[in-house]
Amino acid sequence: MLPLPALSPLLLRHLRWLAPGLFLAALAAAAVQAPRAAATGFVVPAARPAPPAPPLYQARMLPGTGSAAASPSLARLADGTLVAAWVGSAGGKYAQDAIWFSRLVDGQWQEPLPLTTREDTAGAVFAHIDRLAQPVLAAAGERLQLWYSASGTGGLGGLLLYSQSDDGGHYWQRPALRRTTPLATRAPLAQAPLPLADGGFGLPLSQSGLRPHGAWLRVDGAGRIVDLRRLPVGNANPAIAASDDARAMALLTTSTEPDLAAARSIDGGESWQAAPAPTVANPGTPLALLRLTSGRLLLAGNEGTGRGRLALWLSDPQGREWHLARRVEDAADATADFSEPALLQAADGRIHLVYAWRRQGIRHLVFNEAWLAGDQP
Amino acid sequence: MNLLAAYGLLAHGLIFGGLVSLLPLGVLRPHAALAGTTVALLAGIAPALHALFGPPSLTLLLLALLHLQQRPLVPLTYPAALVIIGIAVLFYPAALGWGSFDPYALGYQPLPLLAALAPLGLVLCWRGNNAWLLILAAGLAAYAGGLFANLWDALLDPLLVLLALGVVLRGLAIRLIVARRR
């Protein structure tokens with residue numbers, strides 16, 4: 001028991017004024033400290049036609065990190081270097097023991113290094129961690145933000161974690177806790193974050209609960225959560241792309257329909273309204289959406305049922321007319337699992353796609369818009 | 001060191017000790033509570049609770065600390081528990097996806113929430129409920145100090161709601177037993 005000293009009679013006599021006074025002071029302090037996030041907009045370069053170029057297609061596997069790999073994420077540093085993070089095995093009993101990190105240098109992916117492990121994360125946040133999941137990288141200059149989720153004993157519970165590197169990924173701060181739900185339920189982040197004009201990012205995420213739904217999380221440049229907006233349609237796997245500084249489109253999977261759901265924002269993510277969705281059959285697996293420099297939208301995801309077919313769809317800049325552009329994977333065997341795509345367009349116009357390949361590794365494709373416009377999907 | 005993580009671990013340890021102190025152990029109660037806190041911190045109970053529930057609210061931590069005193073203070077009375085459950089019934093379903101409005105998001109820019117707390121503080125002051133005024137003041141101060149990014153996390157959490165539910169069920173059971181004896 002805590003041997004707290006008895007309150008002095010003088011203090012007790014003044015408690016009836018002290019308590020309300022302290023409450024008012026704390027209320028005032030909270031009001032002063034409460035953030036007042038001003039409206040912001042997306043950072044979107046002006047659209048320009050894709051330069052004429054022959055079709056380009058390259059495929060490679062990222063260096064292996066054990067027997068399992070999943071949930072890749074891509075980001076581009078200020079000098080154009082591509083970096084990737086994914087969850088994989090670190091030799092422990094789980095396939096989700098560590099977040100791995102690698103750079104693309106001179107066309108080759110460097111030897112991956114463990115950015116954080118299950119033990120590191122547990123030690124940093126003083127919680128029992130069973131597995132790590134869904135790393136998401138966000139780059140602003142040389143600063144890299146890493147967001148990922150972790151679950152507790154038996155895969156129950158869910159924590160959202162944040163780490164930051166100010167030197168392009170060489171040194172990372174210890175992970176810190178963040179929260180997006182009042183219960184510690186899993187709220188995995190989706191790909192990819194959108195840079196905002198105030199230096200922060202908008203992160204799409206899936207939230208479980210009474211009714212699973214997608215959400216738009218706004219964070220500042222230091223990884224502090226500023227705002228949270230619920231998407232009005234869909235259940236999970238939101239993928240968001242901005243077409244200008246105020247307009248963005250979100251595509252989500254639904255649990256009731258085989259097709260996707262769509263939402264739009266015309267005020268920089270402050271509010272979202274339901275919108276016409278593309279007729280794209282998806283089995284409820286993660287999506288990736290990218291606005292190309294030409295202004296068109298590129299969607300990556302599983303086609304039909306199951307995860308054996310990974311496809312790319314193109315649309316006009318408004319996202320109204322979609323057509324199947326390419327199938328990058330098509331297999332029907334028992335281990336056919338090509339999912340969790342992440343898209344990024346580099347400064348040279350090349351489009352990079354990474355995805356989990358049979359849950360064994362991460363596959364990296366490089367192509368251009370000329371290849372997407374090819375004859376056969 | 002992540003302050004929120006350290007707070008979460010220590011708070012879960014103390015809350016576990018507070019739970020142990022609820023047991024009818026007579027003269028062994030203080031020793032059992034201390035042992036419960038120690039075991040929770042050293043044997044992995046607090047880290048497991050931390051991963052399952054996240055950092056607890058300051059409200060729950062202070063209720064546990066008050067109960068760990070040599071002469072326990074119990075501000076969580078039947079009426080207070082009813083208020084907490086009433087807030088939870090409105091808050092949690094909406095925050096977990098029911099409907100289009102997310103009240104949890106209000107906690108990131110909590111000026112409307114703070115405005116709603118002002119009349120609550122007036123009511124508590126009028127009723128002379130200094131314990132709850134101080135508990136709420138501590139939660140608000142923790143938020144103002146940067147421990148919590150969301151004001152809801154400082155004031156309310158699922159374990160607190162479960163505790164309030166236990167108080168209400170216990171009160172109903174006592175009323176039922178008294179009514180039957182008459």
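The buried residues of α10(B) are B:L160, B:V161, B:L163, B:A164 and B:V167. A residue is termed buried if 20 or more other C-beta atoms lie within 10 Å of its own, exposed if 12 or fewer, and partly exposed in between, with C-beta atoms placed from the backbone. The model is predicted: local features need pLDDT of at least 70, side-chain atom pairs count only at pLDDT 80 or more, and totals for chains, interfaces and linings use all residues. Residues are numbered from 1 along each chain as its sequence is written, while chains are lettered from A and ligands numbered from 1 in the order in which they are written.

Helix α10 of chain B covers residues 158–181. Its 24 residues reach 35 Å from the first C-alpha to the last, close to the 34 Å expected at 1.5 Å a residue. The expected span is 1.5 Å times one less than the number of residues. The buried residues of α10(B) pack against α4 (58–67) and α5 of chain B. Helices (H or I, at least four residues) and strands (E, at least two) are DSSP runs, numbered from the N terminus.

Chain B has 10 helices and 0 strands. The radius of gyration of chain B, taken over C-alpha atoms, is 17 Å, close to the 16 Å that the globule rule gives for 182 residues, so chain B is as compact as a globular protein of that length. The globule rule is 2.2 Å times the number of residues to the power 0.38. Along its principal axes, the C-alpha trace of chain B spans about 50 × 45 × 35 Å. Buried residues make up 45% of its 182 residues. Of the contacts in chain B with a separation of 6 or more, 69% come from residues 24 or more positions apart. Contact means that two C-beta atoms, placed from the backbone, lie within 7 Å.

Between the chains, 55 residues of chain B are in contact with 53 residues of chain A. On the chain B side, α8(B) supplies the largest share, 9 residues. By class, this side has 39 nonpolar, 14 polar and 2 charged residues. Ala, Val, Leu, Ile, Met, Phe, Trp, Tyr, Cys and Pro count as nonpolar, Asp, Glu, Lys and Arg as charged, and the others, Gly among them, as polar.

A:A26 lies in helix α1 (residues 9–33) of chain A. A:A26 counts as buried because it has 25 C-beta neighbours inside 10 Å. Neighbours within four places in sequence aside, A:A26 is in contact with B:A137, B:L140, B:A141 and B:A144.

Two sheets of chain A were examined. In one, 4 strands form an open antiparallel sheet in the order β1-β25-β24-β23. Strands pair if DSSP finds at least two bridges between them. The edge strands, β1 (57–61) and β23 (338–345), each pair on one side only. Antiparallel strands β23(A) and β24 (residues 351–357) are joined by 6 bridges. A:L344 has A:H352 as its bridge partner in β24(A).

Another open sheet has 4 strands in the order β19-β20-β21-β22 of chain A, with antiparallel pairing. Its edge strands are β19 (288–291) and β22 (322–330). Strands β20 (residues 297–302) and β21 (residues 309–315) of chain A run antiparallel and share 6 bridges. Within β21(A), A:L314 is the bridge partner of A:L298.
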